[in-house]
Amino acid sequence: MNIPQPGILLPVPNQARYLSFSLGDPSLIRQGLHMLRELVDGEYTVVGLGQTLVSALDATIPGLKSFPMITAPGLAIENAPEVLWIWLRGEERGEILLRSQRLARALAPAFQLKEIWDAFKYAEGRDLSGYEDGTENPTGDEATSAAIVGTGNQTLAGSSFVATQRWLHNFDSLTSMSENEQDNCIGRRLADNEEMDDAPESAHVKRTAQESFTPEAFVLRRSMPWAEGNNGGLMFVAFGATFYAFEAQLQRMVGADDGIVDAIFKFTQPVSGAYFWCPALKNGKLDLTPLAR
Ligand code: HEM
């Protein structure tokens, strides 16, 4: 039976690293994928394949596509390479570094390592703004039905789709706001994480309230703070059985529904975005048979 990559449903780890690859030697892709199957357990190493790779294999994964162009004032989101995305989950930076070196060596020259972003858990699961992240995530069976393709889909059951977006925080803008102004951006109180009834319509949790969409738009967020030098932000990662919920939320955040832009943009901006398909596991290995159809 196919099961999801377990790392998707588990809580976020203390340390992580995101690797993003571009296509290398096209004649070696299938060999590269074979190596990937040998090295990936789906728990400590979660993998997603992008549309560029699927197209290069002349395959189709129904529901997979490229990250949408988002046009909104002041927004410049680059498409990150949509070939191969690897989320290394762990407890030790050293172990993660060595694991990522092994993967990069084994996957070359079929895949070329393009981007590395180190990430970590901050203050038991807060965004670097200080706000708790993940409070309204579905749990248990609801998490599975939000994030994982169900058994009704014979080809893709157990797999998932992931939207990734790297957000860069502007800490000067954040700290220039009073705590009350910051609370109004999020719609929850920093002090106790309580949702604010009187939050403005632009508050992030009002923009993204999952039950407020028709149909409801639930995702499983597994975002983690990232840092490089003195810069940092959130590596937003949302798993879904489709991309519908993520797109509905993002549309409303940028004001496409009603002209109201999410107040979160006052202190953070998305830099890049990409979509991937996360294959299921069969007998402990990635099930890549949907690529052969
Ligand atoms: C830097 C970027 C972002 C930050 C700092 C951020 C932070 C937060 C925080 C603090 C919460 C409240 C606690 C919680 O329920 O998790 C929240 C909720 C949420 N966020 Fe974000 N978020 C970001 C980007 C996004 C994006 C891009 C999306 C989707 C397109 C999104 C979707 C959601 C959803 C669905 C909720 C729960 C809403 C509900 O049902 O109450 N977030 N976010």
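The largest pocket of this predicted model has a volume of about 650 Å³, a volume being the space filled by probe spheres set on grid points joined across faces, edges and corners. A pocket is an open set of points on a 1 Å grid over the protein atoms alone, where a 1.4 Å probe fits, with protein on both sides within 12 Å along at least five of seven lines; lining residues have an atom within 4 Å of a point. Local features need pLDDT of at least 70 and side-chain atom pairs 80 or more, whereas totals for chains, interfaces and linings use all residues. Residues are numbered from 1 along each chain, and side-chain values use heavy atoms, without hydrogens and water.

The lining of the largest pocket comprises 32 residues, and Asp133, His204, Val205, Thr208 and Arg221 lie nearest its centre. Helix H9 gives the most to this lining, with four residues.

The ligand sits in the largest pocket, in that more than half of its atoms lie within 2 Å of the pocket's grid points. Around the ligand are 27 residues, each with a heavy atom within 4 Å of it. Gly134, Glu136, His204, Gln210 and Arg221 are the closest.

A polar side-chain atom of His204 lies 2.9 Å from a ligand nitrogen. Ligand oxygen atoms are found 2.9 Å from a side-chain N or O atom of Gln210 and 2.8 Å from one of Arg221.

Terms used:
Polar contact = N/O pair within 3.5 Å; in protein donor to acceptor, adjacent residues only side chain to side chain. Helix = DSSP H or I, 4+ residues; strand = E, 2+ residues; numbered from the N terminus.
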